[in-house]
There are 2 protein chains.
Amino acid sequence: MGSNTEVPPPPWRKARAQVRKQLSQELIVDTGLRVLDAEGFDALSMRRVAQELGTGPASLYAHVAGKDELLELIYDRVLGEIRLPDPDPARWQEQIRAYAIEAQRVLTSHADVARAAMASIPSGPNSLRVAEYVLGLLIGAGLTPRDASLGLDRLSLYVSSDAYEGSVHYARMKAAGMSGPGEYFTQFIGSLARYFGSLPADRFPYISANVDALIADDGEARFLYGLDLIIAGLAAKLP
Amino acid sequence: MGSNTEVPPPPWRKARAQVRKQLSQELIVDTGLRVLDAEGFDALSMRRVAQELGTGPASLYAHVAGKDELLELIYDRVLGEIRLPDPDPARWQEQIRAYAIEAQRVLTSHADVARAAMASIPSGPNSLRVAEYVLGLLIGAGLTPRDASLGLDRLSLYVSSDAYEGSVHYARMKAAGMSGPGEYFTQFIGSLARYFGSLPADRFPYISANVDALIADDGEARFLYGLDLIIAGLAAKLP
DNA sequence: TCTCGCGACGAACAGTGTTCGTCACGAACA
DNA sequence: TGTTCGTGACGAACACTGTTCGTCGCGAGA
């Protein structure tokens with residue numbers, strides 16, 4: 001313990017110790033995201049993050065108000081990875097679609113980070129950046145500010161909630177100890193089909209008769225279906 | 001401790017003890033929902049439910065696999081309160097709309113129970129009952145089974161996610177110690193407006209210029225807006 | 001009447017988020 | 001240069017959480 005301070009340590013050792021000691025909000029958030037990526041949302045605890053930084057949980061509270069704030073910061077940091085092309089109102093439908101798909105891609109690339117999405121009202125800088133982009137696109141398209149505001153709100157909720165739903169499946173997959181989403185998907189669809197098929201046909205005629213249709217589409221297809229539903233609905237609001 | 005067993009207790013005492021001792025899944029679920037209604041989702045713990053039943057938490061595990069299952073059961077029990085009129089395919093848009101509004105009404109009438117909505121894949125009997133109703137309505141309307149299945153899926157997600165978002169606000173309101181939703185709403189809208197107004201107009205031109213529109217609609221109006229967006233989109237799928 | 005199984009349950013385990021008090025270190029000031 | 005001072009690091013502890021284990025007593029079946 002004391003040897004590091006009494007005897008001048010070799011330079012590389014010192015550099016490392018300094019890196020370890022210089023805690024900062026950014027370092028904590030990055031570490032938290034790394035833990036989440038590697039071990040999932042449930043494994044993300046203040047102790048786990050602190051351990052990764054070689055310290056105790058109390059040290060984090062100088063830079064982060066609590067776990068809720070940490071989750072918000074991690075989530076907003078992930079939103080920062082969303083790449084948004086220059087807005088072109090003439091192609092607004094296409095660009096809104098691309099934004100939603102890109103957002104989903106980023107969210108699903110970070111394990112079940114989406115479980116932090118709906119836990120609070122997003123208000124970080126990157127959340128604002130995305131909101132500004134979508135709002136500008138919708139107003140540029142010709143929607144009234146009111147419609148654009150509502151469209152932004154509903155689109156954001158849709159993207160978040162779909163990613164959230166996906167993250168629940170991710171957590172289930174992880175809990176079941178499965179390797180990849182392929183194995184989980186076939187397994188889950190299979191049990192779902194068996195379950196629907198086993199239902200009494202007199203009480204659940206429509207479900208029983210449409211098992212194939214009910215399990216036909218995967219997560220991405222369902223996401224796109226709802227997305228296009230919303231975009232088409234917004235387009236219909238144009239004068 | 002031992003006095004109850006050695007000396008025969010008076011009959012009314014015995015009767016009471018019997019009532020207390022006859023645990024059942026239904027009793028546990030009802031008690032859990034009562035706790036949730038009165039004290040909110042965060043206060044709902046196995047210990048709290050057990051305490052309400054005059055016992056320890058270990059006693060619950062004979063009737064309920066764990067907290068996750070208890071939450072699922074409570075959620076499904078709430079879904080059982082959704083009243084569904086006889087389906088009339090000719091008025092399917094109206095009835096789908098009524099279903100969604102009724103579902104939201106029921107969910108918001110039980111504090112922030114909606115926070116249990118998206119934690120798992122709903123598969124309880126009442127969830128199935130609602131799904132059967134919606135699916136039948138959409139197929140009866142003339143949608144293909146594929147469109148009806150996707151519509152059911154997206155509608156369910158939409159209703160759940162909106163209620164979930166509302167429950168987050170509920171929890172925030174409760175945490176802030178506010179009395180009713182009115183106080184919270186004005187407070188929240190006010191701070192949101194101030195926040196949007198304080199943003200640099202050069203980086204967030206659209207948000208800055210449309211603060212009024214952004215905060216114009218309350219939760220219910222936003223819910224109905226998105227709901228009608230989806231219903232109109234589904235109607236457009238009809239041949 | 002005796003036995004046996006099952007449910008009730010006290011205690012404990014392994015975790016959680018968070019707070020308090022102390023302590024060392026680096027910067028600012030005399 | 002010497003000394004104070006404040007801030008951040010951090011060990012320990014608190015009050016919880018969900019869950020499991022082992023015991024113990026009661027009621028039903030033999």
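Guide: Helices (H or I, at least four residues) and strands (E, at least two) are DSSP runs, numbered from the N terminus. The expected span of a helix is 1.5 Å times one less than its number of residues. This is a predicted model, in which local features need pLDDT of at least 70 and side-chain atom pairs count only at pLDDT 80 or more, while totals for chains, interfaces and linings use all residues. Residues are numbered from 1 along each chain as its sequence is written, and chains are lettered from A and ligands numbered from 1 in the order in which they are written.

Visitor: How many helices and strands are there in chain A?

Guide: Chain A has twelve helices and zero strands. Its C-alpha trace spans about 80 × 50 × 25 Å along the principal axes. Of its 239 residues, 35% count as buried (20 or more other C-beta atoms within 10 Å of the residue's own; exposed is 12 or fewer, partly exposed in between; C-beta atoms are placed from the backbone).

Visitor: What span should helix H7 of chain A have?

Guide: H7(A) covers residues 125–141, and its 17 residues should span 24 Å. The end C-alpha atoms are 24 Å apart, which agrees. Just after H7(A), A:Gly142 has a positive phi of about 115 degrees.

Visitor: Which residues of H7(A) are buried, and what covers them?

Guide: An α-helix has 3.6 residues a turn, so residues three or four places apart point the same way. In H7(A), the buried residues include A:Val130, A:Tyr133, A:Val134, A:Leu137, A:Leu138 and A:Ala141. A:Glu132 and A:Gly136 are also among them. The cover includes helices H5 (67–79), H6 (92–108), H8 (145–175) and H12 (219–235) of chain A, together with helix H10 (205–209) of chain B.

Visitor: Where is A:Ala111 found, and what is its phi?

Guide: Most residues other than glycine have a negative phi, and most peptide bonds are trans. A:Ala111 is in the loop between H6 and H7 of chain A, and its phi is near 45 degrees, a positive value in a residue other than glycine. A:Ala111 is buried, with 22 other C-beta atoms within 10 Å. In chain B, B:Ala111 lies in the loop between helix H6 (92–108) and helix H7 (125–141) and has a positive phi of about 50 degrees. B:Ala111 counts as buried, with 22 C-beta neighbours inside 10 Å.

Visitor: How many residues surround DNA strand C?

Guide: There are 20 (C-beta atom, placed from the backbone, within 6 Å of the strand), and the closest are A:Ser45, A:Gly66, B:Leu23, B:Thr55 and B:Ala58. Helix H4 (46–52) and H5 of chain A are the elements that give two or more residues to this surface. The largest share, three residues, comes from H4(A).

Note on methods
Two residues are in contact if their C-beta atoms, placed from the backbone, lie within 7 Å.
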